[in-house]
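Subject: Structure handover

Hello,

Here is the structure we talked about. Please open it alongside this note; what I found follows below.

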Amino acid sequence: MLEIIVQLAASFIASAGFGVLFNAPKKSLIPCGLVGMFGWIFFYTLREFHIDIVAATTFAAILVSILSQLCSRILKRPIIIFTVSGIIPLVPGGVAYNAMRNFVENDYNTAIQLSAQVMLLAGGIAIGLMFSQVINQIMMKLQKAKL
């Protein structure tokens, strides 16, 4: 239980902190932190159920995008504020660091494997964000067609 609380707190602080760096409005910092926290805990929960890391990242990115859209509409702020801050916990920085370290240490087999994983994770994030945006646009067109 303590581990989950630490995960929640760390992901909230990371997302809200990046919101500060990104110059997000003060009223948006808590929602930025919550978006990142929910995205990370969803990713963490999927990983606990032994879901593949790329799939877990993609599904978490979809959740971050959906929550960002909701925050954007409720708070009447640009969606990019919430998306960028919320996606930060999912960025595979540690894996990218290990890939570069292995290149420097001339362990090319491990470096290439880790580099491929970084590319897949980055692609998963991009696909997750894009998928949610496409669904949102389809729903908007369907709503306009009903009017």
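Which residue caps the N-terminal end of H3? Asp 52 does. One of its side-chain oxygens sits 3.2 Å from the backbone nitrogen of Val 54. Please keep in mind that this is a predicted model.

**Overall**

The chain has six helices and zero strands. Read from the N terminus, the order of elements is α-α-α-α-α-α. Along its principal axes, the C-alpha trace spans about 60 × 35 × 30 Å.

**What the record says**

An unreviewed UniProt entry annotates residues 7-135 as "domain: Threonine/Serine exporter ThrE". In the model, that stretch is 83% helix and 0% strand. Its end C-alpha atoms lie 29 Å apart.

The unreviewed entry also places the feature "transmembrane region" at residues 6-22, 29-47, 53-72, 79-99 and 111-131. I looked at two of these ranges. Residues 6-22 are 94% helix and 0% strand, with end C-alpha atoms 24 Å apart. Residues 53-72 are 100% helix and 0% strand, and there the end C-alpha atoms are 28 Å apart.

**Gln 7**

Gln 7 lies in helix H1, residues 2-21. Its side chain makes a polar contact of 2.5 Å with the side chain of Trp 40. Leaving aside residues up to four places away in sequence, Gln 7 touches Trp 40, Ile 41 and Tyr 44.

**H2**

Helix H2 covers residues 29-48, 20 residues in total. From first C-alpha to last it reaches 28 Å, close to the 28 Å expected at 1.5 Å a residue. His 50 follows H2 and has a positive phi, near 60°.

**H3**

Why does the span of H3 agree with its number of residues? At 1.5 Å a residue, its 23 residues should span 33 Å, and the end C-alpha atoms are 32 Å apart, so the two agree. Asp 52 caps the N-terminal end, as noted above. Just after H3, Lys 76 takes a positive phi of about 55°.

**H3 against H4**

How do these two helices cross? The axes of H3 (residues 53-75) and H4 (residues 79-87) come within 8 Å and cross at roughly 145°. The crossing is right-handed.

- From H3: Ala 61, Val 64, Ser 65, Ser 68, Gln 69, Cys 71, Ser 72 and Leu 75.
- From H4: Ile 79, Phe 82, Thr 83, Gly 86 and Ile 87.
- By type: seven nonpolar, six polar and no charged residues.

When you go through the model, I would start with two places. One is the Gln 7 to Trp 40 side-chain contact. The other is the contact of H3 with H4, which has no charged residues.

Best wishes

Notes. Residues numbered from 1 in each chain as written. Predicted model: local features only at pLDDT ≥ 70, side-chain atom pairs only at ≥ 80, totals over all residues. Heavy atoms only, no water. Helix = DSSP H or I, 4+ residues; strand = E, 2+ residues; numbered from the N terminus. Polar contact = N/O pair within 3.5 Å; in protein donor to acceptor, adjacent residues only side chain to side chain. Contact = heavy atoms within 4.5 Å. UniProt positions renumbered as here; feature names shortened; annotations may be inferred. Axes fitted to C-alpha atoms, helices over the stretch in contact; angles between N-to-C directions. Left-handed = near helix turned anticlockwise from the far one by under 90°. Nonpolar A, V, L, I, M, F, W, Y, C, P; charged D, E, K, R; others polar. Expected span 1.5 Å × (residues − 1).
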